[in-house]
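Work through the exercises below with the structure open. Each task is followed by a solution in steps.

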Amino acid sequence: LSGATDAATLRDFTLSPGAEVLREGLMVAGDVVAGDHVPWHASADEAVERIRREWLDEWGDDVPTPGAIVWLSNTPAGDKIARAVLAREERG
């Protein structure tokens with residue numbers, strides 16, 4: 001919707017919301033192992049940089065498939081917001 005067409009700008013637009021929820025403590029980055037989310041041992045900024053670096057190194061200008069780089073899991077604060085949004089949506 002932005003009108004951007006170059007890969008770097010589109011990648012930045014894609015990474016920005018994930019970086020925000022990590023930095024705000026609403027989600028944590030990790031991997032899924034045997035069906036369980038296993039958080040990375042990294043600060044939010046370190047996780048954002050890892051995601052960006054892995055995208056560039058492994059995918060270049062292509063868009064990664066979901067879960068190819070990271071899985072995000074809500075924190076209790078993220079769950080609280082999600083529940084509030086769902087409740088608001090149910091009310092119409």
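A salt bridge is a side-chain nitrogen of Lys or Arg within 4 Å of a carboxyl oxygen of Asp or Glu. The model used here is predicted.

**Exercise 1.** Describe the salt bridge between Glu 54 and Arg 50, and state where its two residues lie.

Solution. 
- Step 1. Between the side chains of Glu 54 and Arg 50, the N to O distance is 2.9 Å. The cut-off is 4 Å, and the pair forms a salt bridge.
- Step 2. Both residues belong to helix α2, where Glu 54 and Arg 50 are four residues apart, about one turn of the helix.
- Step 3. Buried means under 20% relative accessible area. Glu 54 has 17% relative accessibility, so Glu 54 counts as buried.
- Step 4. Arg 50, with a relative accessible area of 27%, is partly exposed.

**Exercise 2.** Which parts of the chain does the salt bridge of Asp 61 with Arg 11 tie together?

Solution. 
- Step 1. In the salt bridge of Asp 61 with Arg 11, the closest N and O atoms are 3.7 Å apart.
- Step 2. Asp 61 sits in the loop between α2 and β3 (71–74), and Arg 11 in helix α1, so the pair ties together parts that are 50 residues apart in sequence.
- Step 3. Asp 61 counts as exposed at 59% relative accessibility, whereas Arg 11 counts as buried at 10%.
- Step 4. In total, the structure holds four salt bridges.

**Exercise 3.** How do the axes of helix α1 and helix α2 cross?

Solution. 
- Step 1. Helix α1 covers residues 7–23 and helix α2 residues 44–59; their axes come within 9 Å and cross at roughly 155°.
- Step 2. Angles over 145 degrees count as roughly antiparallel, so α1 is roughly antiparallel to α2.
- Step 3. The crossing of α1 past α2 is right-handed.
- Step 4. Among the residues making the contact are Arg 11, Leu 15 and Leu 22 of α1, and Val 48, Ile 51, Arg 52 and Trp 55 of α2.
- Step 5. By class, the contact residues of α1 with α2 are nine nonpolar, one polar and four charged.

Technical notes:
Residues numbered from 1 in each chain as written. Predicted model: local features only at pLDDT ≥ 70, side-chain atom pairs only at ≥ 80, totals over all residues. Heavy atoms only, no water. Axes fitted to C-alpha atoms, helices over the stretch in contact; angles between N-to-C directions. Parallel < 35°, antiparallel > 145°, perpendicular 65-115°, else oblique. Left-handed = near helix turned anticlockwise from the far one by under 90°. Contact = heavy atoms within 4.5 Å. Nonpolar A, V, L, I, M, F, W, Y, C, P; charged D, E, K, R; others polar. Buried < 20%, exposed > 50% of the residue type's maximum accessible area, 1.4 Å probe, protein only.
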